[in-house]
Amino acid sequence: MKTYLKYFLFLTISFAIVALDQATKMMIHTQFNLGEKKVIIPGFFNITYVRNTGGVFGLFSESNDVIRMILFIILPVLAFVLILSIIHKLDIKQKYQILAFSSIFGGALGNYIDRIHFGYVVDFLDFYYKGRAWPAFNVADMCIVIGVFSAITLIYITEEKQKKKALLLKET
């Protein structure tokens, strides 16, 4: 029963992220013209419709179609399989790890859907300060970054706990 609960948690979080991501992107895609900008916080934050044919921060957007297909269509499938294998090995007690990998999976799936459907990813969150702009991003990107940061932090915390436990056992 606990195994099913783990997968239920994983799928619920992942698909909630996909739903939120796709809903926000569809709103931008249907309500904004390409390049259209709406100022939300002057001098800091806009909603701007951008099409990203590349990877994170537009990397590889100028690459040939074969390279982009390999990077953005084939590699994500391998990443999905890797995440599913990690989830399979986790215990239901490792809720934070499940949450972190669900965020990565949901975000990656949201962007993957865009790539398959449109051939690009819809980005729209546009932050800038004193003339310096951060590349536009979306809900899926946020979930991926937060998930990766959380997973790395949890791995570090787990390793530190194991080192302390080993040290305590050694001393006794």
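This is a predicted model: local features need pLDDT of at least 70, side-chain atom pairs count only at pLDDT 80 or more; totals for chains, interfaces and linings use all residues.
A word on the source before the details. Residues are numbered from 1 along each chain as its sequence is written, and side-chain values use heavy atoms, with hydrogens and water left out.

Start with the whole chain. The protein chain has 4 helices and 4 strands. Here helices (H or I, at least four residues) and strands (E, at least two) are DSSP runs, numbered from the N terminus. Read from the N terminus, the order of elements is α-β-β-α-α-β-β-α. The C-alpha trace spans about 65 × 35 × 30 Å along its principal axes. Of the 172 residues, 34% are buried. Buried means under 20% relative accessible area, exposed over 50%, and partly exposed in between, with a 1.4 Å probe and protein chains only. For contacts between residues at least 6 apart in sequence, 64% join residues at least 24 apart; contact means heavy atoms within 4.5 Å.

Now the sheet. As a general point, strands of a sheet pair through backbone hydrogen bonds, either parallel or antiparallel. This sheet is open, with 4 strands in the order S1-S2-S3-S4 and antiparallel pairing. Two strands pair if DSSP finds at least two bridges between them. Strand S1 (37-41) and strand S4 (132-133) are at the edges with a single partner strand each, so one side of each has no neighbour in the sheet.

Going across the sheet, S1 is joined to strand S2 (residues 45-52) by 4 bridges. Isoleucine 41 has phenylalanine 45 in S2 as its bridge partner, and lysine 38 stands opposite isoleucine 47 in S2. The hairpin of S1 and S2 has 3 residues between the strands, and glycine 43 takes a positive phi near 80° there.

S2 also pairs with strand S3 (residues 121-129), over 6 bridges. Phenylalanine 45 is bridged to phenylalanine 127 in S3, and asparagine 46 to aspartate 126 in S3. In S2, 6 of the 8 residues are buried, so this strand is largely enclosed by the rest of the structure.

S3 and S4 pair over 2 bridges, and tyrosine 128 has alanine 133 in S4 as its bridge partner. Their hairpin has 2 residues between the strands, and lysine 130 in the turn has a positive phi of about 50°.

Next, the helix pair. The axes of helix H1 (residues 2-31) and helix H3 (residues 95-117) come within 8 Å and cross at roughly 40°. Axes are lines fitted to C-alpha atoms, for helices over the stretch in contact, and angles run from 0 to 180 degrees between N-to-C directions.

Last, aspartate 21, which is found in helix H1. Is this aspartate 21 buried or exposed? Aspartate 21 is buried, with a relative accessible area of 0%. Beyond its neighbours within four places in sequence, aspartate 21 is in contact with Gly110, Asn111, Asn138, Val139 and Ala140. Aspartate 21 and asparagine 138 are 117 residues apart in sequence, yet 7.3 Å apart in space, C-alpha to C-alpha.
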